[in-house]
Amino acid sequence: MASRKQLLSRRLWLGGFIAALAGCARWDLQPPRPKGNLLPTPKMTRDTVSVEVAFVRQPASEIQRDEELWLHTDEQALSPVLRRHLSDNGLRAGKLGTQLPAPVRQLLDAGMQPIEQQDEADLPDNEFSYRYRNMQLRSGRRGKIIASKTYDSLALLTRDDEAVHGLSLQGAQCIMGVRVFPQGDTRARLELTPEIEYGEMNHQWVGEEGTLVQKLQKDHRTFDNLRIETMLSPGETFIFGGTGEIKGVGEHFFSETGGAGKQRRYLLIRLAQTQLDDLFDNRPLKQPLATPGD
């Protein structure tokens with residue numbers, strides 16, 4: 001059995017190797033920090049995971065470029081059953097690794113500005129934006145990624161193993177529920193669930209830290225059969241988008257029509273940093289209670 005000194009040496013070597021790879025794939029989308037800002041950077045808690053989130057897009061007519069992008073994606077990271085469920089509903093996903101392929105780099109370089117020439121700073125916080133985000137998520141706590149504008153009326157078809165179901169929702173918006181679970185070896189388990197919020201804002205009781213808290217929020221529909229779970233190492237990027245045929249759930253989550261015509265969207269999530277290290281601190285994390293509506 002390896003000694004503690006040998007384990008430490010291996011961990012330091014592995015961390016340096018991963019950091020070097022991740023540095024080659026850095027998105028570099030954040031604005032530079034002002035030189036006059038001398039405030040210290042807030043420290044993250046040991047169960048916090050930092051992820052970088054960005055949406056990019058390209059014309060829906062660029063079928064060949066879309067196919068080339070997915071050729072560079074490891075879709076085998078997901079189970080065959082899940083891939084079938086995703087495809088039936090117009091969705092596609094996979095891992096890109098630490099070094100982003102050229103098609104993705106090109107989308108990142110060209111796709112950060114909104115299609116409509118408007119100031120995104122004027123958009124409400126609950127509206128879709130192409131702005132880059134850095135999210136710091138506590139282990140198991142739900143975060144929310146807005147994936148579409150708010151539709152006055154949204155009608156879509158969903159498919160499962162048994163049948164095709166129709167939905168018609170008012171005041172609806174597509175969102176992606178996200179949770180992360182640090183593993184203690186620099187990796188983190190990423191969980192993504194497509195959801196739709198709809199209707200009017202109303203007071204609802206939500207479970208938090210073992211207690212019920214009243215919050216003002218919309219009703220929501222969760223697509224549990226489309227939930228994705230995958231493991232990411234620092235610097236690795238996960239991509240979520242639509243199938244070649246724009247249809248079903250994928251049509252509303254990952255496409256839009258504007259002045260530039262029909263566009264495909266892709267969601268990129270990159271694992272930036274984890275704090276949990278079970279080599280030096282093996283205390284168990286306090287896991288949040290799995291309460292419906294959380």
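1. A quick definition to start: two residues are in contact when heavy atoms of one lie within 4.5 Å of heavy atoms of the other. With that in mind, look at Glu191, which touches Gly177, Val178, Arg179, Phe181, Arg227, Ile228 and Glu229, leaving aside residues up to four places away in sequence.

2. Before going further, please remember that this is a predicted model. The protein chain has a mean pLDDT of 79, and 71% of its residues reach 70 or more.

3. Back to Glu191: you will find this residue in strand β6, which covers residues 188-208. Is Glu191 buried or exposed? Its relative accessibility is 11%, and buried means under 20%, so Glu191 counts as buried.

4. Next, have a look at two helices. Packed helices are described by the angle between their axes and the distance between the axes. Here, helix α2 (residues 63-71) and helix α4 (residues 102-110) have axes that come within 8 Å and cross at roughly 120°. The two helices, α2 and α4, are therefore oblique to each other.

5. Which residues make the contact between these helices? On the α2 side they are Arg65, Glu68 and Leu69, while α4 brings Pro103, Val104 and Leu107. Sorted by class, the contact of α2 with α4 has 4 nonpolar and 2 charged residues, with no polar ones.

6. Finally, a friendly caution about two stretches. Over residues 7-26 pLDDT stays under 50, and the model has 25 contacts beyond four places in sequence for them. Where pLDDT is low, the predicted coordinates should not be read in detail.

How values were computed
Residues numbered from 1 in each chain as written. Predicted model: local features only at pLDDT ≥ 70, side-chain atom pairs only at ≥ 80, totals over all residues. Heavy atoms only, no water. Axes fitted to C-alpha atoms, helices over the stretch in contact; angles between N-to-C directions. Helix = DSSP H or I, 4+ residues; strand = E, 2+ residues; numbered from the N terminus. Parallel < 35°, antiparallel > 145°, perpendicular 65-115°, else oblique. Nonpolar A, V, L, I, M, F, W, Y, C, P; charged D, E, K, R; others polar. Buried < 20%, exposed > 50% of the residue type's maximum accessible area, 1.4 Å probe, protein only. pLDDT = per-residue confidence, 0-100.
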